[in-house]
Amino acid sequence: MIEFQKSISQLMQKHIYKTSINSILLLLRTEGFITSEKVENCINELGIKRITDIKYDALNVILDYAEQCLEDDILTEMEMLNVKRLKICFKIDEGDFYKCGMQIRVKKILELQLKKMYSDNVIDKNEALKKVDLQELFGLGYDDFLDVVNGVAKESLNRGAKSEDLDTIMPRK
């Protein structure tokens, strides 16, 4: 829990958020994880009627946190759990990143991580599991995730990789 609270402090130092988001982050930094009801109470005090009114900003916080977690190219179980908790706290549903127009940012983060994994033209078991975590992290459907993966996998194929080593299903021509 303390690591998460430190991460929230780092986010608050590194990024400028709206007052409503800062208030919630301050609660998270102070108390650790909070319920979505506590978030609702916090934003109601600021005159915001629904949590969906700050969804876009909340998604940005989660993406900022994800980028911070991925700086070391390792997504730990605890970091995945923290993202899940943030999603619950902010009432984020699967597909919300894309529904709220964040495809470009999500793809950029994914491509960066996937390019590192595909750099040796082979996806091992650990990397395959990390891909599953990345898909879950951003709440992407199979097809949306596969589009990003295949874009990166094509680069590996162009470098001479074998398709059976890339842990993906490439569309037939």
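Cys69 is buried, with a relative accessible area of 5%, where buried means under 20% relative accessible area, exposed over 50% and partly exposed in between, as computed with a 1.4 Å probe on protein chains only. The model is a predicted one, in which local features need pLDDT of at least 70 and side-chain atom pairs count only at pLDDT 80 or more, while totals for chains, interfaces and linings use all residues. Residues are numbered from 1 along each chain as its sequence is written, and side-chain values use heavy atoms, with hydrogens and water left out.

**Cysteines**

- With a disulfide taken as a pair of cysteine sulfur atoms within 2.5 Å, the count comes to 0 disulfides.
- Cys42 is in no disulfide, and the nearest cysteine sulfur, that of Cys89, is 9.4 Å away; Cys42 is itself buried, at 12% relative accessibility.
- For Cys69, the closest cysteine sulfur is that of Cys89 at 15 Å, which is too far for a bond.

**Aromatic pairs**

- The whole structure holds 3 aromatic pairs, a pair being rings of Phe, Tyr and Trp (its six-membered ring) with centres within 6.5 Å, counted as stacked if the planes are under 30 degrees apart, as edge-to-face if over 60 and as tilted for the rest.
- The ring centres of Phe4 and Phe33 are 4.1 Å apart and their planes are at 20 degrees, so this pair is stacked.
- That pair links distant parts of the chain, since Phe4 is in helix 1 (residues 2-14) and Phe33 is in the loop between helix 2 (19-31) and helix 3 (36-45), 29 residues apart; helices here are DSSP runs (H or I, at least four residues), numbered from the N terminus.
- Both partners are buried, Phe4 at 2% relative accessibility and Phe33 with a relative accessible area of 19%.
- Phe4 also pairs with Tyr65, and because the ring centres are 5.8 Å apart with the planes at 70 degrees, this pair is edge-to-face.
- The partners Phe4 in helix 1 and Tyr65 in helix 4 (residues 55-70) are 61 residues apart, and Tyr65 is buried at 1% relative accessible area.
- Phe4, Phe33 and Tyr65 form one aromatic cluster.

- Ser7, found in helix 1, is buried with a relative accessible area of 14%, and, leaving aside neighbours within four places in sequence, Ser7 is in contact (heavy atoms within 4.5 Å) with Tyr65 and Gln68.
- Lys131 has its place in helix 8 (residues 125-137) and counts as buried at 4% relative accessibility.
- Beyond its neighbours within four places in sequence, Lys131 is in contact with residues including Leu114, Tyr118, Phe145 and Asp167.

**Salt bridges**

- A search of the whole structure finds 13 salt bridges, each being a side-chain nitrogen of Lys or Arg within 4 Å of a carboxyl oxygen of Asp or Glu.
- Lys14 and Glu71 meet in a salt bridge at 3.1 Å, N to O; Lys14 lies in helix 1 and Glu71 in the loop between helix 4 and helix 5 (77-89), so the pair ties together parts that are 57 residues apart in sequence.
- Glu71 is exposed, with a relative accessible area of 55%.
- Glu40 and Lys91 form a salt bridge whose closest N and O atoms are 3.2 Å apart, and within this pair Glu40 is buried at 17%, whereas Lys91 is partly exposed at 39%.
- Asp64, Glu67 and Arg105 are linked in a network of salt bridges.

Conventions. Helices (H or I, at least four residues) and strands (E, at least two) are DSSP runs, numbered from the N terminus.
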